[in-house]
Amino acid sequence: MKYDHVDKLLAQWRECRPDLDCSPMGVIGRISRTSRIVDKQLLKAFKKHDLSAIEFDILATLRRTQSALTPTELYQTLMLSSGAMSTRIDALVKRGLIERIASAQDRRSCSVELTAAGVALVDQALEDHVENERNILEPLTADEQNELAVLLRKWLLHHEVSN
């Protein structure tokens, strides 16, 4: 049996505090370490397309909804502040990946949509992103990936509803 970094930490806690069941650290520690590894791997694929993770998320959200969205709809979907969203939108407009569309009803309001260049970029980035995720999950069989997805969904449903 191979041991990971978390196994070593748990062994140290068992020796130091044998009276305390630290087994939750095994799950949470691995989730935390997994998140850091996955984030780093995802960023490599985005950088290949000169995108940050947030910029990819904005473009991907516009692509999958297939419609123009207001900056408010975008920042609520992506859990960003309105100021951070405005900055990202400005940068993506300057790069010609999205465009602002003025509202006919309210001159102070606008929505944003992908340009043809934005669609082309996000489509290519998405293909690379999916392949990258496939590679990240490669150590797991298809059945293990499905089992993990079911367990994570169960955990998320509990915590997203209660928070």
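This is a predicted model: local features need pLDDT of at least 70, side-chain atom pairs count only at pLDDT 80 or more; totals for chains, interfaces and linings use all residues.

Residues are numbered from 1 along each chain as its sequence is written, and side-chain values use heavy atoms, with hydrogens and water left out.

**Nonpolar core**

In soluble globular proteins, nonpolar side chains tend to be buried together. The largest nonpolar core here has 22 residues, and Leu59, Leu62, Leu74 and Ile98 have the most contacts inside it. Such a core is a set of buried Ala, Val, Leu, Ile, Met, Phe, Trp, Tyr and Cys residues joined through side-chain atoms within 4.5 Å. Two or more residues come from each of helix 2 (23-47), helix 3 (53-65), helix 4 (71-78), helix 5 (82-94), strand 2 (110-114) and helix 6. Helix 3 gives the most, with five residues. Helices (H or I, at least four residues) and strands (E, at least two) are DSSP runs, numbered from the N terminus.

Leu62 touches Ser67, Leu69, Leu74, Ile98, Val112, Glu113 and Leu114, residues up to four places away in sequence not being counted. Contact means heavy atoms within 4.5 Å. Thr61 lies in helix 3 and is buried, with a relative accessible area of 2%. Buried stands for under 20% relative accessible area, exposed for over 50%, and partly exposed for values in between (1.4 Å probe, protein chains only). With residues up to four places away again left out, Thr61 touches Leu69, Leu74, Thr77 and Leu78.

**Aromatic pair**

How many aromatic pairs does a search of the whole structure find? The search finds one. The rings of Phe46 and Phe56 have their centres 4.5 Å apart and their planes at 20°, so the pair is stacked. Phe46 in helix 2 and Phe56 in helix 3 are ten residues apart, and the pair links distant parts of the chain. Both Phe46 and Phe56 are buried. For this search, rings of Phe, Tyr and Trp (its six-membered ring) pair if their centres lie within 6.5 Å; planes under 30 degrees apart count as stacked, over 60 as edge-to-face and the rest as tilted.

**Salt bridges**

Side chains of opposite charge can pair when their charged atoms come close. A salt bridge is a side-chain nitrogen of Lys or Arg within 4 Å of a carboxyl oxygen of Asp or Glu, and by this rule the count comes to nine. The table gives some of them.

| Pair | Closest N and O atoms |
|---|---|
| Glu55 and Arg95 | 3.7 Å |
| Arg63 and Asp123 | 2.7 Å |
| Arg134 and Glu131 | 3.2 Å |

Glu55 counts as buried at 9% relative accessibility, whereas Arg95 counts as partly exposed at 34%.

Arg63 of helix 3 pairs with Asp123 of helix 6, so this bridge ties together parts that are 60 residues apart in sequence. Arg63 is partly exposed at 32% relative accessibility, and Asp123 is partly exposed at 24%.

Arg134 and Glu131 both lie in helix 6, three residues apart, or about one turn of the helix. Glu131 is partly exposed, with a relative accessible area of 38%. Elsewhere, Asp4, Asp7 and Arg30 are linked in a network of salt bridges.

**Other residues and the surface**

Asn132 is placed in helix 6 and is buried, at 12% relative accessible area. Its contacts, apart from neighbours within four places in sequence, are Gln41, Leu42 and Ala45.

Gln66 lies in the loop between helix 3 and helix 4 and counts as exposed at 68% relative accessibility. Gln66 and Glu113 are 47 residues apart in sequence, with 8.5 Å from C-alpha to C-alpha.

Leu137, Leu140, Leu148 and Leu152 form a nonpolar patch on the surface, with about 280 Å² of accessible area together. Patches are made of residues with over 30% relative accessible area and no salt bridge; like charges are joined within 9 Å, and nonpolar side chains (Val, Leu, Ile, Met, Phe, Trp, Tyr) within 5 Å. Accessible areas come from the Shrake-Rupley method with a 1.4 Å probe, and for residues only the protein chains shown count as cover. Leu140 lies in the loop between helix 6 (116-136) and helix 7 (142-162) and is partly exposed, with a relative accessible area of 31%.
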